[in-house]
Amino acid sequence: MQKTASITIRRKFRVGNLVFHVLVIAFALFMIYPLLWMLTSSFKPGTEIFKSASFLPETWTLESYTYGWEGISGYSFGVFLGNSLFVVALVMVGNVFTCSLTAFAFAKIRFPLSSFWFAIMLGTLMLPFHARLIPQYIIYNDLGWVNTYIPLVLPKFFATEGFFVFMMTQYMRGLPREMDEASRIDGCGFFMHYWRIILPLTVPSIITTCIFSFIWTWNDFFSQMIYLSKIETYTVALALRQYVDAMGNSYWGALFAMSIVSLMPLLFIFIGFQRFLMDGVTMGSIKG
Amino acid sequence: MNGKRREACAGYLFMTPWLLGLFGFTLIPMLISLYYSFTDFDLLTPETWIGISNYVKMFADKKFVGSLGVTFKFVFIGVPLQLAFALLLAVLFKKERRGIRLYRAAYYLPSLFGSSIAVAILWRRIFNKTGLVNQVLALLGIQGQNWIASPGTALNTLIVLQVWQFGASMVIFLASLKQIPTDYYEAATLDGAGKLRQFFSITLPLLTPMVFFNIVMQFINAFQSFTPAYIVSSGTGGPLNSTMFYSLYLYIKGFGEFQMGYASAMAWVLLLIIAAFTGLIFGTSKNWVHYD
């Protein structure tokens, strides 16, 4: 009885299914269209981009890419990519190590005031960065660290990204307690327990931390703009801003081409680590 | 040393980087910025104490008041719309079916790229006089305007950009939708509840913790939004200050005009606005957030 019912329901929904797919695909194309337009425009000759409304180029050319890659003031776009990657790599290392140390303390060690500090840490998630911006800038300026990457990287070696601390804490709390007992019986110290047992088990959370460190640092514009003003230190974001200012309207092709290049690393991450971004691994842990 | 004390020491040892960071990069700078907010400080000459002048000046500053209005409009229209889209699509994409992973990915993509400079640049270009939007409108025989350059529409393009990035919230909603036991829906179907009724009586109440979380985080982020307004207006907040976001005005005051005292005061007012707002949501959450 139930089986036949479900079959009729299935038939009834076949038309509904088709409508669903058509609508969803149409809306997806509508949403993604600007990005696709930027992609195809980057292969158009500079003069064609705003003249014709056609989606595909009449003549395909890489001239925007070669022109854009030349960069600014003798520094090729590759230099800016390298700078961005350098900052991102350091930020990742800092976040992974210090946030996981802190998370281990919150999740696995009992110490006085731990829940107080945990509440403070949650509070810092809600602070606007502006509240500490100006004194930090003044101090870095006094220390002569403006135009270096230190202001962008140093805070990450002090677990200032509360979001990752929180995420890893929740993850470590979810690990089986038997692990802790076992290593206590084996006479492991706390550090050994962290390094040998907990950290390897936390790998999924570490990967998520790396992914979000990458995305946020790659897309960051404000702090990079404030701290970096010499062209040789420019990151991808700053270089693109410079392209807008320097090139005017006739060079949108090069700007589009380099914009596409700047989005590629994000796309690779998305393709390679889709599971970590899409399955709510991160956010699922937040519910806790 | 006994076990308990040893454990406490270990705890603080592991916490050391975070504690140093908390004081060195957050609490002490915050206190210093509180102090600066009561001073006149241009970075070159030593600061002079001027009491609450910065705060008084702020509310007579038309640009400041304007920036508050622009930011509120952006936040209170952009974020609810964004979350509504996220929720709607999450419900549509809940059921596993053919192609669903691809759809989810396609809708997620804008939120991955959205805060980048590249997309801000793209936005500036597609809403331009000769941009994509007007090219499409021209095909329909409509003569479009320069959306970025008109004070009436410039902010709307930024709201659209905010809404466009609903994918991240959608993924969070999806993850918690999957945790709702299916027998709730089966029972409701047996009782004769329709889809819409099921959404409002089962799905929405059970999702409220996640809605709550998303509202808090997205609002806080949106209040601090900077990049798109900066790029679209070339850093001016124009036309006619219609895209003068709070963050952008703070940046102009602090790093354009070097009025560090005034900018610090603005930072503290922003902190208070966000705190008041977060407090308000937390305060009302008892009435509408359901934990099972």
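Buried means under 20% relative accessible area, exposed over 50% and partly exposed in between, with a 1.4 Å probe and protein chains only.

This is a predicted model in which local features need pLDDT of at least 70 and side-chain atom pairs count only at pLDDT 80 or more, while totals for chains, interfaces and linings use all residues. Residues are numbered from 1 along each chain as its sequence is written, chains are lettered from A and ligands numbered from 1 in the order in which they are written, and side-chain values use heavy atoms, with hydrogens and water left out.

**Figure 1. Chain A overall.** Of the 288 residues in chain A, 52% are buried. Chain A has 15 helices and zero strands (DSSP runs, numbered from the N terminus: helices are H or I, at least four residues; strands are E, at least two).

**Figure 2. The salt bridge of A:Glu161 and A:Lys156.** A salt bridge puts a side-chain nitrogen of Lys or Arg within 4 Å of a carboxyl oxygen of Asp or Glu. Here the closest N and O atoms are 3.0 Å apart. A:Lys156 is buried, because its relative accessibility is 17%.

**Figure 3. A salt-bridge network of A:Lys108, A:Arg177 and A:Asp180.** A:Asp180 and A:Arg177 pair at 3.7 Å, N to O. A:Asp180 is buried at 8% relative accessible area. A:Arg177 is exposed at 52%.

**Figure 4. The salt bridge of B:Arg104 and B:Glu96.** The N to O distance is 3.2 Å. B:Arg104 has a relative accessible area of 4%, so B:Arg104 counts as buried. Over all chains, the count is five salt bridges.
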